[in-house]
Amino acid sequence: GELSKLLEKLAAAQADLDKQKGVLRDQEHKFVAQRLIKDATDHVEAVEKKLADTLAIAAPLVSEEGQGFSAFIWLAEIMSALKKHMSVAEKSQEDLFAMMSDKAETVPEAKFLSFLKTVPELKEEDATLFSDDELKAVFKHIDTEAKGEIKNQQLKEQFRLKFFIAAPVSMTDGLAVKGGKTIRKLELNEVIEALDEPQKEPNLGILRVKAKTEKDGKEGYITLKGNQGTDYLADYDPYLACEKKVQKSVQELLDASNAASRYIDKKSGELHGVSKGPLFETRELLMGLKPRISKVQQSQVELRSQVARARKKHQENVEGEKQRRQEAIDRRAARSVSEEAEACAKEADEDAKKASSAAEALVASRGADAESPLQVFGDADKALLDAAEACEKAEEKIRDKLDGLRSYFRGPFAEARNAMKALKEGLGASGGKCRQQAAELKGVLTALEGDAHAAVLVALCAHLRKEGLSTDALFKQLAGGETSIPADGFRGFLEKMPGLELKKAQLDIGLARYSSGVSRLMIVGLLQLYLRCAKELAITSAFEVKESKTVRKLAVGEIVEVLEEERTDEAVGLVRAKVRALLDGDEGWATLRGNQGTTFLVDCPKPFYILDDEVQMQSGFQSTSSEIRRMRAGEVLELLEGPRREESYEIFRARGRAAKDGKEGWLTFKDNQGKELFEKVSVYVCRQPIALTVAFDITEGKPVRKLEVGEAMEVIGEPVSDEKKGLSRLKVKTKVDEKEGWVTLKGNQGTAFVEESDKHFVCKVGVPLEMRFQSGSPLVRSLEVGEVFEVREGPKAEAKEGASRLRGRNLGDGTEGWFNGPSDVTVPWSPFFVCKQSTVLTDGLDIASARAVRKLEVGERLVALETPVVEPTSGLMRVRLRCDKDGSSGFASVWSQEGAALLEPLPTEG
């Protein structure tokens, strides 16, 4: 009963409690469901907000596929140009803003654009490098307040130097690393602003810079590059800075969206077993939020793609801007190179045209109106050569510039190269024309000099004939004992000649080649005219052919000297001149040209001979005549007479040895006149080696020296016997070295040491000792009067054809005489030379002290002003010359030290 009631009440209470519990559970589930929905919604909204923020951060990058960031590129270029402009103009940033604003506090957009268009570094051929739209975009970037005007502070911000942190590094409170206090560690990709120029750390020598962090405004010193090569700072790039922010925000977005997605997945999983009630509905609602997260994630992926595309586009823009800027730089550089080349070429070309024009006028007038033609021609020649050299130098400069542009095939440098090629070709043509005109000018001057010189010679020859003065007498009169006539003395003589009709200018030109004086060789070449017989003809006694008798016939090849200038025998129409035959000295009149145009006598150079060895000059035609002097190798003689042969004759030759030095050879013992050239002399000869002693007694004193077998001795006294030793002794003097002493004639055993010779003879006149039996063979040496000669073979007869003899005058000292020739040692010589090997023309004979005049080139023609001489120090044969090429004169060696021919005489004609 009662218990049942109690149980019933308990059951009712329990049911009511369960009901209350259900109500309470439903309320709790509803609360949890609401909380879950709110948290999940908050996550999703946070992600969506992060997406919006990221899109906002990425907007500068991805707007118009990155075009919005081009302003940064242009800004960087403009700021670089402004910094360069400030450096060149020596202006500060404050000065720059003052010029830009006209000293106002702000600069409106129009003034900003107008000023930039005046900056030289931003212009190319008077055109601004940037368009108005590009400049406006730059202005908009600087105008951070969007007021349409910028302040000095805003412009100053653009000049700030910023860096990225490229590797973690410490910021310290002082320049010195050691002892410095670390302010804080700087993280990778942090941005800092440089507050000063980099400085060298005093102890480690590394560069450090004072800077301020963008993150928290901390200031301190940072190392640019470590001593191990680590780069701590990298150049700040606005685009890169923005991209890094975007990448960071995108990553945060990705992380947030993934966290929200995981949260919803987790909570949905926890409600998987719920089949009804608020939580069941909540699970459905949670799963409904997933598309929103997916949309964010999809937007994030798309944003990444947009950023990548923007990066590519930006890189293209950067490369395009670099290319544009480089093209502008190239155009400016190419224009600078072209302008420099044009200026160089223009100056050289103008000089060339001026010199060329003057030369053309001078060639046309032949200097007729010039007071001093030599000076005018010299100035014109110098102007032409200077202009040619200037053209060549300018051409070389352009060639160097072209070498630097060799790799360019298009663009500004290729255009500049083509233009410079044309300039170079033009310069080459101008320079070549100047050199050609210089040669033409030289030809004209040479012709004028030739004409004036010929006029001088005609006047001088006429004066000498009138006064009866020979060339030798003229030289002696004007040279005054010197080796040459002074130039002013020669001119003075000409100016004083009666009836001289030559103008001053003619004398200037005609005597230009004698500026260093007139040598004997030059006088001889000047005033003597020689002709060679080309067709047999007669020398006659008178000018008129009808009234003259034949003196003798001239053979083809004979040379005659003209004594009187040519004139025409009007009766028969023959051109005649008085001549002297060099062969035998016969004088008479000869026909140069017949009345039918036949040429009998032709011009030829005056004959000279040079000696290749020592040659005897004698007083008469006969080769047995007395010697005047010995002539040395290298001496030059002018031919006065000959060559003529002596009649055949017989001489006696002997072979032997000179007692003086032991030289052996052949000599003439008796000449063709029967004259004995040697006489017997009492001489003793050493037969066995024996000592020459000081005293008669062998045991006393020291030996003078040992006598050699065959050695000759002159007897001083009579033989003296040494009874004690059984010796016969004789006092003698040696022929080799004139030592005096005693010698043993015969020993105590009967040995003959010294015997009297019947083969020794003393020389009565100077005689040549020659190598072979035939007289005239190569010379060993000359024996002097009084020398002793030992005959070992002969004398025996030599039948001799008469020697070819020449009479000549030595151009060195003027001595005249006869000598043998032509021969191997007496050869024809010409004063005209050609350079065979390049050598130096010097201003003096002595090689060591002389200064170089210039280099002689192979093939150059030269004329001797004096006869060759031996330079004492080197032993080289040298000659004073004048160059046909430019008229310069000086000394040059005929042979090198090795014996190679440097200068070669041109062969005489005919």
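Setting aside neighbours within four places in sequence, Asn 152 touches Gln 93, Glu 94, Phe 97 and Glu 105, where contact means heavy atoms within 4.5 Å. Asn 152 sits in helix α6 and, at 17% relative accessibility, counts as buried. Buried here means under 20% relative accessible area, exposed means over 50%, and partly exposed is in between, using a 1.4 Å probe and protein chains only. Helices (H or I, at least four residues) and strands (E, at least two) are DSSP runs, numbered from the N terminus.

A word on the source: this is a predicted model, in which local features need pLDDT of at least 70 and side-chain atom pairs count only at pLDDT 80 or more, while totals for chains, interfaces and linings use all residues. Residues are numbered from 1 along each chain as its sequence is written, and side-chain values use heavy atoms, with hydrogens and water left out.

Now to helix α5, residues 132–142. Its buried residues are Glu 134, Leu 135, Val 138, Phe 139 and Ile 142. Looking down the axis of α5, these buried residues fall within an arc of 140 degrees, so they line one face of the helix; the arc is that of the directions from the helix axis to the C-beta atoms. As a reminder, an α-helix has 3.6 residues a turn, so residues three or four places apart point the same way. On the face of α5 turned away from the buried side you'll find the exposed Asp 133 and Lys 140. The buried residues of α5 pack against α2 (70–89), β1 (106–108), α4 (109–116), β4 (149–151), α6 (152–159) and α8 (278–365).

Next, a helix pair. The axes of α3 (residues 93–101) and α4 come within 9 Å and cross at roughly 115 degrees. That makes α3 roughly perpendicular to α4, a label for angles of 65 to 115 degrees. The axes are lines fitted to C-alpha atoms, for helices over the stretch in contact, and angles run from 0 to 180 degrees between N-to-C directions. On the α3 side, Leu 96, Met 99, Met 100 and Ser 101 meet Lys 111, Phe 112 and Phe 115 of α4. Sorted by class, this contact has five nonpolar, one polar and one charged residues.

What about the cores? A nonpolar core is a set of buried Ala, Val, Leu, Ile, Met, Phe, Trp, Tyr and Cys residues joined through side-chain atoms within 4.5 Å. The largest one has 31 residues, of which Phe 377, Leu 384, Ile 398, Met 420, Leu 427, Cys 434 and Leu 441 touch the most other members. Elements giving two or more residues to this core are α8, α9 (373–404) and α10 (412–467), with α10 giving the most, 11 residues. A second, separate core of 28 residues includes Val 107, Leu 113, Phe 130 and Leu 155.

The one from Gly 794 to Pro 795 has omega near 5 degrees, and Pro 795 is in strand β41 (residues 788–800). Another joins Gly 821 and Pro 822, with omega about -10 degrees; Pro 822 lies in the loop between β43 (816–820) and β44 (826–829).

Methods. Parallel < 35°, antiparallel > 145°, perpendicular 65-115°, else oblique. Nonpolar A, V, L, I, M, F, W, Y, C, P; charged D, E, K, R; others polar.
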